[in-house]
Amino acid sequence: MSRLLQWLFGRLPIGWLQLTHSRTRFAAALSGVAFANVLVFVQLGIMGSMATATLKPYGFFQANIMISASDANSMTEGGNVARQWLFQALADPEVTGGTGLYVANVSWARPTKTLSLTTYGIDPTLPAFLSPVMASKTETLQLQNAGILDMFSRGLPREEAAAIRPQTPTSFEVSGSTLTLYDTFQGGGGFGGDGFMMVSDQTFMTLFPARSSAAPDHILLQIAPGADPDAVVARLRALISDKTLRIRSYAQAAAEDLSYQQTKRPTGIIFGFGVIIGILVGIVIVYQVLSTDVADHLSEYATFKAMGYPQRFFLGIVFEEALILAILGFIPGFIVASGLLAGMKKATTLPLAMTADMAGMVFVGTLIACTISGAVATRRLAAADPADLF
Amino acid sequence: MSEDTPIAVTSLNHWFGTGEARKQAIYDVNLQVKRGSLTVLMGPSGSGKTTMLTLMGCLRDVQEGSVQLLDHELKGADRALNEALRRRLGFIFQAHNLHGSLTALQNVLMGLQVHRLTDRQTQEVAARHALSLVGLADRMDYLPANLSGGQKQRVAVARALVGNPDVIFADEPTAALDSESGMIVVKMLKKLGQLRGTTTVMVTHDNRILEMADRIVTLEDGRIVRDTAPYDPLSSAKPAS
């Protein structure tokens, strides 16, 4: 390593030699950087999983425009929308179709745990509004009191989920009715429930007798190929007299939902702060290591100054140390965080994963944080006065 | 000043502190040092020897008067000039000031790398040679913590000499050495003066060195009170002009 750095820098790798001179202190410094990396990775992982989980249900459906109640900040929140607006929207020449989407939570009381399933009710005779995977299961959905279940639901054993097939369905009671699960799809636990379930709008009304088919939670619209969703949205806003409704493109609704989860909901804010705290912890640890190192070597630096070494030489040493700490601290941090995220994914079924983007972002962030720490630590170099050597 | 006088000090005054605490340490000092000579600065503690050394070695800013070093005026010199001049000097400190994380060889290499002139292999050959000259051929890969006080000082001497400096400033360089090692070092400095024209200015109380000095300058309370050339019947016992 020493020879490699010497070749890279074209000089003795003094930063490396100083850091490794005290192995214990070096190991502690690397542990500190790795710890900060783990903090950031885990928080980012959770934030990333929140994004994945938030956007997941948008992938179950196919639509261009979504009409929601004014307080519908996410797909599962907010009041209902009168179905009459669906019919009015169909009056627009570029709106080719529409359907109501019903959303509620269904509890499945199981011997070990009661599962909370975010349940979507939609007209199965309109497969164009469903993703291709869902659309292939509409025949099942058309059965009375039938549902298809998220095979990755938290608390549902994998083998049990795998056993749910049309030939071997499973049933449970919901509000006095028997709901039969005939099939499964790939969802994944989110922050609002243990998993997802898809039923027909008719079955939904059976499960929730208090709900009215005239008041869905959202209205999904499709527009003619080539039509501009924003232009249609603008026309619909002018057309529909209820100005409190949120009429947005489907993509915008998903983006606003994600933004709401990350910046308005307590969980998103907490995880966001966690990332900032992790970065600050890393900066403080590296600054402490570098600044102590500079203080410990002031007389040596003063000697080098007396020998005629320029200021950039000393800055080079400090930044060399900062980069070594950043790179070597990142590696164990990455490995530990990958293991932690994998373990958390298994335990929670949240879509937690170490992605290349995240790894790259944290690595660059670590380099920047260590460089900032190094820049602050170099201020102590001024105290190295060669006149004090005599 | 000519090439034969690498150091010329004229009407030099220096103070420490500010305001009421301001205290003058050097009073109107004039001194010219000849090329290749071994000049010893003597005097009691607080007489200004070290201050003179740091002023002539461009380690401290000149406040009043003039210090010409290697044909450059140090009063008002900027950082770049100071750094450039320091690269032409060799410093031997009383506390050796070796870098604790570097081996003896690496410490000596630091005396060469500052010049960025020769390739790495040549630098290493020169550093090994310098260490051999001070009798440390078998200690090149030792860290300072594993060297005795005398060995550390010899590494410091090798580091100061390896860059072939024009002027060497030394502060009690033999204090940590036994008499034999001390004499080897001083003879080496003397020989460098004769062969290469390297000028040495040294603060010391070692009487054996005084016998080898070309010139002995005695300071008291910031003033030169005696300036003599040992064994030189023509040397004066009055302050130098």
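Let's start with a pair of helices in chain A: α3 (residues 23-55) and α10 (residues 250-263) have axes that come within 10 Å and cross at roughly 145 degrees. Keep in mind that this is a predicted model. The crossing of α3(A) and α10(A) is right-handed. Which residues of α3(A) and α10(A) meet? From α3(A) you'll find A:Met47, A:Met50, A:Ala51, A:Thr54 and A:Leu55, and across from them in α10(A) sit A:Ala254, A:Asp257, A:Leu258, A:Gln261 and A:Gln262. Sorted by class, that α3(A)–α10(A) contact comes to six nonpolar, three polar and one charged residues.

Now zoom out to the whole of chain A. The chain has 14 helices and nine strands, and its C-alpha trace spans about 95 × 50 × 35 Å along the principal axes. The radius of gyration of chain A is 29 Å, whereas a compact globule of 390 residues would come in near 21 Å. Even so, 43% of the 390 residues in chain A are buried. Take the contacts in chain A with a separation of 6 or more, and 79% of them are between residues 24 or more positions apart.

Finally, have a look at the partner chain. In the contact between the two, 18 residues of chain A touch 22 residues of chain B. On the chain A side, the elements giving two or more residues are α2 (14-21) and α12 (298-306). Which of the elements gives the most to that side? That's α12(A), with five residues. By class, the chain A side that touches chain B divides into eleven nonpolar, five polar and two charged residues.

Notes. Residues numbered from 1 in each chain as written. Chains lettered and ligands numbered in written order. Predicted model: local features only at pLDDT ≥ 70, side-chain atom pairs only at ≥ 80, totals over all residues. Axes fitted to C-alpha atoms, helices over the stretch in contact; angles between N-to-C directions. Helix = DSSP H or I, 4+ residues; strand = E, 2+ residues; numbered from the N terminus. Left-handed = near helix turned anticlockwise from the far one by under 90°. Contact = placed C-beta atoms within 7 Å. Nonpolar A, V, L, I, M, F, W, Y, C, P; charged D, E, K, R; others polar. Rg over C-alpha atoms; globule rule 2.2 N^0.38 Å. Buried ≥ 20, exposed ≤ 12 C-beta atoms within 10 Å, placed from the backbone.
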